[in-house]
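Hello,

Here is the structure I promised to pass on to you. Have a look at it, and then read my notes below.

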Amino acid sequence: MKGKEDLGTNPFITVLRSSFERLNKFVSEREATLLVPSAVSISGVHITQVLVESHIIQPTHIPGSFINLSGQGLEVRDGAVHTSFGFKEHRVCRILQEEGVYEYGHNYKILIIDVPVTGSFSGVANQSGSKDPQRSSGQIAPELADFETSADEAAAALQDWFELCPEVETDLHAKLGRLKRTYI
């Protein structure tokens with residue numbers, strides 16, 4: 001398949017296997033899912049244990065919901081990994097590729113994602129594995145600054161946010177309701 005990420009040369013996998021063997025065994029033995037940022041997105045990024053732990057996810061009792069080793073929540077839906085509770089910022093990381101791996105006598109799943117779920121990154125990969133000009137390294141969710149100040153464009157940006165994270169809409173309506181009851 002053209003553009004397929006080579007797991008053998010991905011810096012995240014290389015560091016996981018060479019520096020964090022205990023975590024590598026954990027993923028295999030627990031049959032967890034490993035989120036692997038694309039090589040393009042982590043070029044030049046220092047890969048720490050905390051970064052690796054944030055990309056090892058285990059399922060919860062809620063279908064599609066996962067928790068990482070840092071105790072943060074994630075959802076896998078609509079071809080993407082959505083960060084949830086515990087993260088400083090909301091990210092939608094597109095799934096570029098899915099692989100099954102057999103190590104240490106167990107099978108586990110690897111999801112190659114276009115950007116890491118947390119921390120800095122150098123670029124955003126597209127389906128072919130090269131930099132995606134449509135999504136800059138500083139823009140994962142739509143930004144209001146990218147629009148003119150018209151009400152229609154602001155409403156469109158809000159709608160994009162609501163589609164990326166339905167919890168934002170629920171939270172906004174709850175806070176507006178509280179404001180109305182308190183001050184109006």
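Two strands are said to pair if DSSP finds at least two bridges between them. Strands (E, at least two residues) and helices (H or I, at least four) are DSSP runs, numbered from the N terminus. This is a predicted model, where local features need pLDDT of at least 70, side-chain atom pairs count only at pLDDT 80 or more, and totals for chains, interfaces and linings use all residues. Residues are numbered from 1 along each chain as its sequence is written, and side-chain values use heavy atoms, leaving out hydrogens and water.

Let's start with the overall layout. The protein chain has five helices and seven strands, in the order α-α-β-α-β-β-β-β-β-β-α-α along the sequence. Of its 184 residues, 40% are buried (under 20% relative accessible area, with a 1.4 Å probe and protein chains only). The accessible surface (Shrake-Rupley method, 1.4 Å probe) is about 10,600 Å², and carbon and sulfur atoms supply 53% of that surface.

Now for the strands. Strand 2 (residues 56-59) runs antiparallel to strand 3 (residues 65-68), and three bridges join them. Within this pair, isoleucine 57 sits opposite asparagine 68. The two strands form a hairpin with five residues between them, and glycine 64 in the turn has a positive phi of about 85 degrees.

What joins strand 3 to strand 4? Three bridges do, and these strands also run antiparallel, with strand 4 covering residues 73-77. Here serine 65 faces glutamate 75. This hairpin has four residues between its strands, and glycine 71 in the turn has a positive phi of about 85 degrees.

Happy exploring!

Note on methods: Buried < 20%, exposed > 50% of the residue type's maximum accessible area, 1.4 Å probe, protein only.
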